[in-house]
Each structure stands twice: as structure tokens, then as C-alpha cells.
Amino acid sequence: MYRTLTDDNSPLSPRLVEFPDCSKTFSPNIIKTSHYTWYNFIFLNLFEQFHRFANLFFLFLAIIQAIPSISPLNQFAGFVQLTFMLSITAIKNAYEDFLRHKTDEEVNDRLVYVYNSQSNFDSNFPNFENNQNSSFLQKKWCDLKVSDVIRIEPQCEVPADCILIKSPDGRCRIETSALDGETNLKFKYSINQKVNKNSKFLLEISPPNANLSTFSGKIFYQDENLPISIENFIPRGCIMKENMPILAIVVYTGEDTKLIMNSMKPQFKYTEIDKTMSKMAFVLLLVMFLICFLMTVLGKFWSENFKDGYIELDSKKWYLQWFSWIIDLQMIIPLAVYSSLDVVRFLLSFGVSSDEEMIFEGKKSKCRNSDLVSTIGRVTHIFSDKTGTLTKNLMSFRAISFPEVVLGVEYKSDHKQEQIKSIVDYVKLHIESNNDIKNFLLTTVLCNSAEIVNGKYVSNSPDELAFLEFSKQCGYELLKKQMDKITIKINDKICEIECPIRFEFSSQRKRSSIICLIDGKWNLLSKGADTVIIPRSKNNSQVFQERLNQFGSCGLRTLCFANKELNSNEINSLLTIYNNIRSMPVDVEGYLNKLADDVEKDLTIYCISGIEDELQNYVVESLQLLKRANIKTWVLTGDRLDTAIDVARNSGIIQKKNPIIYQNDPINNENRSPNNYISNPHNSNIISKNKINSKNSYLHSVLAIDDINVLLNHKYLFDIAYNCATVIIGRCEPLQKGNILRKFKEFYKDSVVLAIGDGVNDVDMIRCSDVGVGVEGREGSAAVLSSDFSIPTFSKLVRLLIIHGRYNCIRTSLLILVTFYKNLLLGLPQFFYGFYNGFSATSAFDSGYYAMYNVILTIPQHFMACVYEEDINDKLCIKYPEVYCDYQNNGGFSAFNIFWYYFISIIHSSLIYFVAYFGFNNNLLNSESLTFDHSLLTQIIGWTLMSVFTYEMFYVFHAISIPQVLMNISCLVSNFAIQYFYSFAEQEYDSILERSANATCMWLEIPFVVGVCMIIDMTMSFLRPHIQKLVTDQVIKHEWMKNHKKYRSF
């Protein structure tokens, strides 16, 4: 009796679910978002961390440092340092994964009532409310299996993919925002009431797939074969919005559920700062290897020619000195830079969520990917959605056009209600004599996805809500929807319309249709985008095109309405095919789309409508500030191009001075050269390829594109778009948004692209961008959950980029540059020390001091400085957004900045070593004949180095905070403590503090070296504005002159 449609072993085989006991085993109903387990954490985390080249190099150093014959340092110190740094990142990863484990456990351990198939169950529905009923047992979500009948309580989340089998009125409402980002309520219908819970039946359903709008199958019950569709399907993760419990049977669990199959993790985004840091480390590594090789060769030469007074080296193993030199000069490449960057970026991420200026209507902004806190300071292009991002996604009916009249197109924003009333009055007056008006109102109330909840319309389409409200004012009102019938009210008269066939709207179809029996005649009522309705119509005229352009120029979203009369034979044939397709277990949507394509032909267009979507608050001011910050904006929308252009004009993206370059319609011109696709309507001149080489030709132009495939297939058109001030792309589907961005990143790798949107249709674009920003809008949370940053409204993007992005870009770049500086400050004296000791790899400092220098003496200082750094205050950043340009291209790693830090590190370290070496080597250090030795040399170098570094921290950073000052003082105090403990641990350093205190010359050297370093820094600071011109310098100078008017004459 139970026959499958395909081979059971085929990947497309339908799933068989038997009730009450399913013999097959399917995926466990477990959610797992964690990355590690207790037994693989150490191995997997180490494997991931050693993917960084620098960590492999430091592991190599630790290994050779453990070899006594070549290492001048402690054998285990290298492993201790490496372990400490790896542990910092490991602890951070473990903490984040621990939170994921807790979240997983909270979800998997939730409880749900499951029907006990072994008991005698009373099918009376009111008993479902009794939690003590022995027919229901509590189970954890993770223990659910396919064929379980569960009771879903009101306002509770659905634990698995189910089919609704019973509810109070045969249907239930669910919210699916966790899956598709839509916050509207959707209705689901129970299967045939003849199937009750104490009966045996078999379900034959489609195999698991990620498509949220696809589900089909059959239920075999006794001698009946009943179809099942998406209208009976309740996905995991949705919220049940009924006031009474419902019963559902589990059909998909765990990884087979649509929620999990659609929960793709965003790809890891490599930041430019990581790439720059790797390049700097690699260059230093090559230089270090070269120096080590040179010193090894010179050491060989020295040992052979100057043996007197020196320990004789084994000439057969002289090459091992190369490894010794690598160990000695390892400080040149900072071991702590990666872990330091991870910690600082993690701390900076809290700055976004804690900023009160980033709150709007009680909603906070959040950083969801701390690795990108500096990348937002380098954005060059913004790819923005229009509806719900630039606009409010609050639709209002504004205009309508019938063949003989156009209404509302001349509306003014301050007289909207009066003009809508005039349209309503016209419609009521002519409705009896004009069939087009009647068809329009019938289409709005019959062909929609809306439902009535508590006397209000709910729909996932704001356009439909606007149409339904307008129709209600005109006397046409939707009352109730059933499977094959729709009840409406026409001028206080209740009518029940038979509607057996529906073709739903989708982003691919861009239209929806319904077949209804009206006044004894079968009619196909359709509405959709002009790009799909007009090619399927038989009465397309120039008048319709002109009116579409007229509506679009007013910034209105347009829809075309069309109909077609069908005869009885066509209906009977269609019904047979339609019902057969709906009962298929696989690819129902595909076959329905093919059927719709066959039916939706030879349509008659009778109406065009216009819907207005208002701009978000402060969007005009925000876009102007972003433009001044040298950030170009691309607008990608599914609306008509004319509508998008008008919105761009109203929002200030397009200004009067910007000429618009339009793309010609390439329809029926497939063999034409791509040159013909671009023209300027102001002079009708065709743009030639020769002009593309001149970037200035398009600096102030706006490129408007209506055929995205032409752009994707021609690189030189992308070059035009890249050089234009703004690009507007209309009729853009969700996947096409992502494809445009991928192509852009492929062609222009140096650009940093930010994608911003508010709906599920923007998710692909957000995920593949360099920085993804989700706006908490009316279209749900899909965009926010997929984003790197979330903001409550578009206007907060300005503060996110120009203030937080710029500050964080400065902070992270200073962190890296200062880290390299401080390591060279200690590494180069080691090189000088070996140079004056017969080119031997003798270490000036021991491994313990190396470790404490990084961990205790220096890192805390610039950690604190980086967190608080601000070169100018936030008000000046907003007043002069041009300061964003200073770090936009290089992120603070300009050639001058890198050269400057390398240069001062060489100069400072040379002063620190040579002043100590030549100043005191052959002299008594005090009147008591204190002589110069190795221990005092390291003391002089160490204290001078700490003093220079502390001074540099105050000089380099602009924002001097109390925590920073306290941290600098504590580091100097720590140096005293370290020297004190050294006096007990090492015989050479016995009474080192007392001897150092008595070395009068030593304490004179420190202010001398710091003073010389200060003079060098001040000289370079005077020269820098002439070498590296920054907007920030001009702003500081301008504000200073404004506040000190008496100095203007100078």
C-alpha cells in the first residue's frame, strides 16, 4: 500500500516516517555551534595557531635555544615564552568556545512534552493543556527523534521541523524571524482531521533541503492518500504565537532541519593589518638572517686571526654560531605582537557597544567580530541596500495609473492625506463603470500573502499592507482566508471567492498570481515588477512606459497589475496538474514555477501603482559626511532604476552637479558592442573605451545600471563604475548583490568594502564583504546575525566609521609599530654587544630579562596607551570628516611611519648602547673607584632603555590618561623589583642596586640620552608635516588659530 516515488537509496529519495514507531534512525536533534571539545582543544588550537608563520618561527627558535651547544640563553626560556603567548590566544579562544558550549547546552537541554505512544490517549483537545496528563512525557530537545508527536506550548520555540497535525481551529500562527528575518506572522494549517493520534499512518516527504519555501509529500492513512505542502510545515526555530497548545509530528531533526542547513558560518575575514604585520615580520626576518650570516662569517675570520686573549672556538663547528646569533637577535621580531593585537582588539570592541552616542530608540550598536575594529577605519566603498536601510520600509500608497487617468503623481509631502482622499473619492465614483478599477481592488484583496490577526492585517510585504489599507478605504476588505476560498467584503456585502490555484511571490519570479472564480468567470489576477509583467503582456504600450518612468522619477516603488480570462477546459486541466504537483515529494516549487510560466502569458495590463517609502532619519546628513570622508556609495536595490535614482537624489547621494550616466537597455541587442550599453542622456554621446583611461572623466559622475549581467561580464564597465562618484544598480536580486561585491573585490583588491543591509536578502552581500554591517530594521534579524557590526539605524554608520574606525585604526597601528620599536630597542644593543666581543654570539642579557621585558616592563604601558589614544576629539572628527582620509589607504602603516619607527629605533638603541660603552668602559664610575663590568653595563643599558621607552610613550600618544601614567610608573617600579630579585638569584648581580646607586655617571647618562632622543624626535616632528601631509595637522592648526586669534598675524 505504501509505495515510494523513487529509489530509496537515491539522494533525492523521499523520507518515510512511520507513526507511532519509526524504525529508521536519523540525525540526532542536537545543536552544535562550539568548535572544540575537551579532548581535542589543545591539539586543534595548537594546529590553528601554528598556521601563523611567525609562531612556527618562534617554535624553531625555542627548539634551537634548547640545544646547549649553540644556545647562550636558558634552554627552557624559549618554550616558556612561546607557551605563555600561545596560552593568551588559547585562553581567549577557550573562553569564547565555552560560551558557545553553554549556549548549546541551554538549547539542547530544553524540555518539551512528547506523546507517549504506549498509553491510551484521549484525543480530546482540551486535555492537551493538562501537563500532568500521563499521555505526555517530558523530553529534552536533544532526545527527540523523527516520528515523535510533540505538544508545542504558546509563545514557545519549535524544537524540530514538524508537520502540524492538530490545533484549536485547524491552523496556527508562527513567527520565522530566526530563519528568514521576517517578523510578520505566518499561518500554518493542520493536516486532515481524520488523521488522529492513536492511528497508524505513514508520511512520505521530501528529503531534507535548505530551501525555506519548499516542502511537500503525502500521508498514507488507511485507504486515503492525502497531500502535504509547505502550508502544513513548521520549521525549527520559529515561535508559536497561538494562545492554546498545538500538536505536531517531528519529521526532521538536528542537521537535517532547515534552520541548521541555513546556518552557514560566515567566512573568516583576513584583515589588512594582519597582512601588513606579516610583511613587516618577514622583512625583519630576512634582515636578521643576513646579519646572522655576516656575523658568523666575521666570527670565523676573527677566531682564525685574533686568537690571543680569546677562547679558541672549534673551527669545525663554526657554522653553529649562525644559530646562536639567531637566538641572540630573536628580540628583533616581537613574539608578543599577535597575542597583544588579539587582546587590544578584543578590548576595543567594547568601545562600540558602550558608546551612548551609538544608541537609537533604546537599541545599542554591537561589535560581533573584534578582528575588524581597525578595518572600519579603512573603508573606501559602501555597498548599501535601499529599502529599510536608507528608507524606513514603511510603505504608503501614493499614486495609481489606469489607461485613461493618472492619479496622485503630483502629490506633495505636506498634503498626502488630502491627495489620498481625492484618489479614494475618484475610485468610489467610477468603480461601477470601470472594470479596471474593480480588477485592481480585487487583485489587492485576493492576491496577497496577508492574514488577519486580532482585526489587523499582517504580511511580510509592507507593500501589500499599503494596498490592503487603500482597498479598505475604497470599500473592498479582506476578511478570511481558507485553503481554496477567500472571504471578502465589498461595500458591506460578504462574498466568498473560490481560489483553487495560487502562484506565490518569490525573489526569482518577482510576481504573484491567483486564479479566481468571479461572477461565474475564471480569471487569472497577477501583480509584479514591470520587468516580468510587461514581457508577458499583449498590450504593452509607450503610455505604460512613460507612466512607469513618471512614477519612478517621483521616487515611488512601482507594480504592474494584469489579468487574463480562462475557460473551463483550461481550469480543469490546470487543477489536475496543480494538484499532482503539490502531492509530489520533491521539487514542488520548481514544477509550480514552470506551470506558472506557462499560464502567465498573454496578460492584459490595466493598472500601475506607486508606493512611497520615506527616508530614514538623518540619512541625508550621514551620506554627505561619508562622501566628505572620501567613501564612495553604491546603492543596490530590487526596485526600478528610476525609483532608486530619485531616492538617491532625495538622500543627497546624487547632487545637481553630478551628471548621470545611464546604461541603455540591452534587450534584443545581444550582438551589440558593450560600448553601446552606456550613454549619457544629456548629449546622447556614446562613451568610448578611450575615455576610460582618464579617471578624472568620471570622478563626479553617477553610473546608473539596470542590467547587472552586463556589468558582471565586462571588466571595463567595472572600471567606469569604480571611478564614478556613485553607482546606482536597480532590479538587483539577493544573490546578484553578493556576486557584484565578489567581482568588485576580485578586480580591486586594495579597496576595503563595507556592505550594509537590514534584511535576509542582504545576508550574502554582508558575509562576503570586508566589513558587514546589519541594521536592526523591520525585516528581522538575519542581517544583524550575519554581520560583523550591528547598528540601530543608518545614521550611526558615520560614528562607527569616522570615529570608532579611525581611532581604532590609529590605536592598532601604533600598537604594532611601537611593539616593533621596543623590540628593536633591546635587540640592537645585543647585536652591538656581540660585535665588540669578537663577533661572538655572547648574550648581553639573560633569557629571564628578555621575557620580563616583554611581559612586565613594556607591554602594559603601550597596551594602556593604545586603548585610550585619541589624536583629536570626536566632535572635530564629525566636523571635519576629511580626517578619515589620513588612514584610509594605509591604515597608519605609511612608508614614512614605518621608516620613522625603524629609524628612531636604530638611533635610540645606538645612543643607549654606545654612550654607555664608550662613556664608561675605561673610566671609573665614581670617586670610590667603582669599575665598569658586564653587570653594570646591563644595568646602564636597561635603565636607559626603560627611561627612553617611557618617554616615547608620552611623546607618541596624544591622549595622556591617569591609568596610563600609573601604568608607566608601575613598570618603572617593577624594574626596581626585578633588579632586586636578580641580586639574590645571580652571583654576578650581587648588591647590584647598591652598586648602581653609587654609579654617579650612570644616572647622568640617562637624562643625557633621553634628552638627545627628545631633540631627535622634535626635529623629526617639525619636518614630518613637510614630508607627510595629513588633514589632521591642518585641522589642529586651524582650530588652534581659531582659539588663539591674537596669533593669526604670525
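This is a predicted model: local features need pLDDT of at least 70, side-chain atom pairs count only at pLDDT 80 or more; totals for chains, interfaces and linings use all residues.
Strands of a sheet pair through backbone hydrogen bonds, either parallel or antiparallel.

## Strand S25 and its partners

Strand S24 (residues 521–528) runs antiparallel to S25 and is joined to it by 7 bridges. Within this pair, Trp522 has Leu566 of S25 as its bridge partner.

Strand S26 (residues 604–615) also pairs with S25 in the antiparallel sense, over 7 bridges. Here Thr558 stands opposite Gly610 of S26.

Strands S22 and S23 run antiparallel and are joined by 4 bridges. Arg502 is found opposite Ile514 of S23.

The loop between strand S22 (493–503) and strand S23 (511–518) contains Ser506. Is Ser506 buried or exposed? Its relative accessibility is 13%, and because buried means under 20%, Ser506 counts as buried. Ser506 and Asn593 are separated by 87 residues in sequence, while their C-alpha atoms are 9.9 Å apart in space.

In soluble globular proteins, nonpolar side chains tend to be buried together. The largest nonpolar core of this model has 147 residues, of which Leu797 and Leu801 touch the most other members. Helix H23 (residues 796–835) supplies the largest share of this core, with 23 residues.

Leaving aside residues up to four places away in sequence, Leu801 touches Ile376, Val379, Ile382, Leu626, Ile631, Leu754, Arg806 and Tyr884. Another core, of 41 residues, lies apart from the largest one; among its members are Phe397, Ala450, Ile488 and Tyr606.

## Helices H6 and H23

Two packed helices are described by the angle between their axes and the distance between the axes. For helix H6 (residues 272–305) and H23, the axes come within 12 Å and cross at roughly 5 degrees. H6 and H23 are therefore roughly parallel to each other.

On the H6 side, the contact is made by Ile273, Met277, Met280, Ala281, Leu284, Ile291 and Met295. On the H23 side, the contact is made by Thr812, Ser813, Ile816, Leu817, Phe820, Phe831, Gly834 and Phe835. The residues of this contact comprise 12 nonpolar, 3 polar and no charged.

## Helices H19 and H20

Helix H19 (residues 715–723) packs against helix H20 (residues 734–747) at an angle of about 90 degrees, and their axes are 11 Å apart. H19 is thus roughly perpendicular to H20.

Which residues of H19 and H20 meet? Lys715, Phe718 and Tyr722 belong to H19, and they meet Ile740, Lys743, Phe744 and Phe747 of H20. By type, the residues of this contact are 5 nonpolar, no polar and 2 charged.

Conventions. Residues are numbered from 1 along each chain as its sequence is written. Side-chain values use heavy atoms; hydrogens and water are left out. Two strands pair if DSSP finds at least two bridges between them. Helices (H or I, at least four residues) and strands (E, at least two) are DSSP runs, numbered from the N terminus. Axes are lines fitted to C-alpha atoms, for helices over the stretch in contact, and angles run from 0 to 180 degrees between N-to-C directions. Angles under 35 degrees count as roughly parallel, over 145 as roughly antiparallel, 65 to 115 as roughly perpendicular and the rest as oblique. Contact means heavy atoms within 4.5 Å. Ala, Val, Leu, Ile, Met, Phe, Trp, Tyr, Cys and Pro count as nonpolar, Asp, Glu, Lys and Arg as charged, and the others, Gly among them, as polar. A nonpolar core is a set of buried Ala, Val, Leu, Ile, Met, Phe, Trp, Tyr and Cys residues joined through side-chain atoms within 4.5 Å. Buried means under 20% relative accessible area, exposed over 50%, partly exposed in between (1.4 Å probe, protein chains only).
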